[in-house]
Amino acid sequence: MAERAQYEELIRQFSAFGAVKREMGRILPAECPGGSAAVLTLLGRHGDMRISRLAELLAVDMSVTSRHVAHIADRGWIERSPDPADKRSRILRLTPEGQAQLDELSERTTQLLAHRLSDWTDEEVGQLTRLMTRLRASFDDCRSPQARAAAPPEVDETTRTPAITT
């Protein structure tokens with residue numbers, strides 16, 4: 001297990017990473033804010049889905065997801081059709097216009113990363129991708145209702161280590 005100082009440095013890096021996210025947000029077209037881009041990206045990656053699944057993948061409340069969906073539906077980037085298995089639900093699907101918007105977002109992001117990481121080797125970019133994928137997977141466990149309900153381990157405040165329970 002890493003030392004406390006390493007975790008503290010990691011926290012500082014996460015805070016500083018906000019600058020990277022802000023710059024990536026600035027390259028998005030005005031009509032496609034970050035939440036809309038995330039919806040398009042997930043539909044492009046995972047295909048047609050219910051809004052409840054989209055909310056789960058976004059890890060946000062259903063009302064937030066509904067606002068993002070309404071925004072991109074108003075622009076004609078997705079269509080909402082009745083779910084054949086449950087007429088009360090809707091299936092979200094990218095339209096050709098939505099795919100074109102997603103392609104533009106991908107191109108802009110790729111160009112930004114290629115520019116900013118131009119002095120990185122292919123191996124370094126690959127290593128960053130692998131480590132970020134692993135980090136995200138470590139946190140994906142937290143998105144399930146069972147994991148959120150589980151209490152963190154008790155900590156012995158004198159040693160800051162997990163308490164031993166018998």
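**Burial, packing and crossing**

Biologist: Leaving aside its neighbours within four places in sequence, which residues is Ser36 in contact with?

Modeller: Ser36 is in contact with His68, His71 and Ile72, where contact means heavy atoms within 4.5 Å. The model is predicted, so local features need pLDDT of at least 70 and side-chain atom pairs count only at pLDDT 80 or more, while totals for chains, interfaces and linings use all residues. Residues are numbered from 1 along each chain as its sequence is written, and side-chain values use heavy atoms, with hydrogens and water left out.

Biologist: Why does Ser36 count as buried?

Modeller: Ser36 has 1% relative accessibility, and buried means under 20% relative accessible area (exposed is over 50%, partly exposed in between; 1.4 Å probe, protein chains only). Ser36 therefore counts as buried. Its place is in helix 2, where helices (H or I, at least four residues) and strands (E, at least two) are DSSP runs numbered from the N terminus.

Biologist: Why are helix 2 and helix 5 called roughly perpendicular?

Modeller: Their axes, lines fitted to C-alpha atoms over the stretch in contact, come within 10 Å and cross at roughly 105°. On a scale from 0 to 180 degrees between N-to-C directions, 65 to 115 counts as roughly perpendicular, under 35 as roughly parallel, over 145 as roughly antiparallel and the rest as oblique. The two helices are therefore roughly perpendicular to each other. At this crossing, Ala37, Leu40, Thr41 and Gly44 in helix 2 meet Gly98, Gln101, Leu102 and Leu105 in helix 5.

Biologist: Which residues touch the most other members of the largest nonpolar core?

Modeller: A nonpolar core is a set of buried Ala, Val, Leu, Ile, Met, Phe, Trp, Tyr and Cys residues joined through side-chain atoms within 4.5 Å. Among the 19 residues in the largest one, Leu40, Leu43, Leu54 and Ile78 touch the most other members. Helix 2 gives the most to this core, with five residues.
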